[in-house]
Structure formats: C-alpha cells, structure tokens
Amino acid sequence: MATRKKALLKVIVLGDSSVGKTSLMNQYVNKRFSNQYKATIGADFLTKEVVIDERVVTMQIWDTAGQERFQSLGVAFYRGADCCVLVYDTTAPNTFKNLESWRDEFLIQASPRDPDHFPFVVLGNKIDLENRAVSTKRAQQWCQTKNDIPYFETSAKEGINVDLAFQTIAKNAIAQETEMACRLQDERRTEAWRTERLTSLQETLDDEPDVDPFDGSAVSRAQQQRV
C-alpha cells in the first residue's frame with residue numbers, strides 16, 4: 001500500500017460572540033455539545049485528523065473570541081491560514097451583517113497571495129431554533145456576491161451538517177494548497193527561463209560588443225552564430 005501524504009491545514013473560525021464557534025468545533029472534533037455558554041478568551045485550537053483524497057490531513061482549527069476587544073488578534077494569528085470559516089447565528093441578524101467586517105479583517109491581517117480566490121466557508125448556525133431571522137436566500141445571495149463562498153446551515157447542538165461543512169472546508173483548503181503549489185512551480189520555471197535567457201544575452205554581448213542589445217534580430221543572429 002502506498003504511503004499517504006500528510007498535510008497540516010490551519011483553519012481560522014471567525015464570527016461574533018455567542019454564534020456557536022466553539023460548539024461547532026467541539027461537535028466536529030469531540031462529538032460533544034454543552035448548553036453552558038463559556039466565552040472564549042483570545043484564541044484556542046483543536047485538531048482532528050481526516051483523510052481527504054488519499055491524503056492524511058491534520059486540521060488545526062482555531063477558535064476565536066468574538067468580542068470587540070479580541071477582534072484584532074494580530075498578523076501572527078492569521079498568518080499561514082489555509083481556510084477561513086465565517087459563522088453567524090441564524091436567529092441574530094447583526095451577526096450576519098458583521099460577516100463582512102470579519103471577512104475584511106481576515107483579508108487585511110492574513111494578506112493571502114490570491115485574496116479573490118482564498119477559500120472561505122460560511123456557516124449559518126443554530127437552525128434548530130425556531131426564531132429564525134436570517135433567511136437561507138439572503139445568506140446564499142451574500143455568498144454569491146463574494147465569489148460563490150460555500151454555504152452551510154448547521155446546528156452544533158444536533159450535529160446537523162457539521163461534518164459535511166468541515167469536510168468541505170478541508171477539501172477546499174487542500175485544493176487551494178495544490179493550486180498555489182502549481183502556481184509557485186510555474187513562477188519558478190518562468191524565472192529560471194528568464195535567468196537563462198538573460199545569461200545567454202549577456203554572453204552574446206560580451207562576445208559581440210558591437211551588437212546593439214536593443215536590436216532583437218541582430219542579437220538573435222549573433223546567438224545563432226555562437227551556437
């Protein structure tokens with residue numbers, strides 16, 4: 001059996017206080033839910049190992065406090081994130097409105113190489129409650145305007161869509177990692193080609209000092225003569 005490649009994914013979970021970030025993480029990692037609310041102080045993380053497309057992936061899921069005094073956690077916290085999860089409470093409209101600022105905060109602090117295609121996932125939590133205030137359509141429309149962010153409606157209490165959401169998070173993060181690795185490889189190849197061309201040009205000019213370096217045809221003829 002071939003050895004599976006291992007990967008470490010850093011996932012940041014953002015959203016207002018009391019939307020259920022910690023509960024979602026505990027439901028996913030530990031299959032536990034508690035009705036007792038305890039605010040997260042600063043940041044904490046849980047890990048879970050999963051297999052995605054024949055790869056053993058260790059998800060390092062970072063939980064954050066939603067209070068304003070903890071909102072600016074600093075560049076070091078966001079740096080290296082492979083995916084960002086935005087969570088709101090479907091019964092609290094303000095938590096949905098604040099997704100915009102949480103997304104902007106992440107992009108500013110994390111400064112991803114390709115912000116337009118960085119993998120976000122939105123979770124509308126607490127769908128087990130009856131007093132819903134944010135419709136599915138409204139949330140989906142917002143996600144569509146943000147480059148079609150994947151959207152899930154979840155219940156940390158009842159475990160609804162929690163595993164599916166985090167599986168999608170892992171897959172999207174892996175896909176982004178693979179795409180960025182390919183882009184980096186292409187950039188290195190392009191840079192190597194440019195370096196080779198410049199070296200060849202410099203050698204030609206050293207051997208043929210009378211050649212005008214801005215005359216492409218003359219340079220090309222000189223290079224062919226050298227070969």
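**A buried parallel strand and its surroundings**

Strand S4 (residues 83-89) pairs with S5 in the parallel sense, over 6 bridges. Helices (H or I, at least four residues) and strands (E, at least two) are DSSP runs numbered from the N terminus, and two strands count as paired if DSSP finds at least two bridges between them. The structure is a predicted model, in which local features need pLDDT of at least 70 and side-chain atom pairs count only at pLDDT 80 or more, while totals for chains, interfaces and linings use all residues. Residues are numbered from 1 along each chain as its sequence is written, and side-chain values use heavy atoms, with hydrogens and water left out.

Read from the N terminus on, the elements follow the order β-α-β-β-α-β-α-α-β-α-β-α-α. Of the 227 residues in the protein, 42% are buried; here buried means under 20% relative accessible area, exposed over 50%, and partly exposed in between (1.4 Å probe, protein chains only). The accessible surface of the protein is about 13,200 Å², and carbon and sulfur atoms account for 48% of it. These areas come from the Shrake-Rupley method with a 1.4 Å probe, and for residues only the protein chains shown count as cover. Of the contacts (heavy atoms within 4.5 Å) between residues at least 6 apart in sequence, 69% join residues at least 24 apart.

In S5, 6 of the 6 residues are buried, so the strand is largely enclosed by the rest of the structure. Phe120, Val122 and Gly124 point one way from S5, whereas Val121, Leu123 and Asn125 point the other way. In general, side chains in a regular strand alternate between the two faces of the sheet. In S6, Tyr151 is the bridge partner of Val122.

How buried is Val122, and what does it touch? Val122, found in strand S5 (residues 120-125), has a relative accessible area of 1% and is therefore buried. Leaving aside neighbours within four places in sequence, Val122 is in contact with Leu86, Tyr88, Leu99, Trp142, Cys143, Ile149, Pro150, Tyr151 and Phe152. Gln140, 18 residues from Val122 in sequence, lies 9.3 Å from it in space, C-alpha to C-alpha.

Between the two strands comes helix H5: S5, H5 (residues 136-145) and S6 make a right-handed β-α-β unit. A crossover is right-handed if, with the strands pointing away from the viewer, the path from the first strand over the helix to the second runs clockwise. Within H5, the residues Ala139, Trp142 and Cys143 are buried. They cover an arc of only 100° around the axis, which puts them on the same side of H5; the arc is that of the directions from the helix axis to the C-beta atoms. Lys137, Gln144 and Thr145, on the other side of H5, are exposed. The buried residues of H5 pack against S4, helix H3 (93-97), helix H4 (99-110), S5 and S6.

A few backbone angles deserve a mention too. Most residues other than glycine have a negative phi. Just after H5, however, Asn147 takes a positive phi of about 65°. Ser111, in the loop between H4 and S5, has a positive phi near 50° and counts as exposed at 54% relative accessibility. Asn161, in the loop between S6 and helix H6 (162-207), has a positive phi near 65° and is partly exposed, with a relative accessible area of 32%.

Finally, the nonpolar cores, each a set of buried Ala, Val, Leu, Ile, Met, Phe, Trp, Tyr and Cys residues joined through side-chain atoms within 4.5 Å. The largest nonpolar core has 28 residues, and those with the most contacts inside it are Tyr28, Val57, Met59, Ile61, Leu123 and Ile169. At least two residues of this core come from each of strand S1 (6-14), helix H1 (21-30), strand S2 (43-52), strand S3 (55-64), S4, S5 and H6. H6 gives the most to this core, with 7 residues. A second, separate core of 24 residues includes Leu86, Phe96, Leu107 and Trp142.
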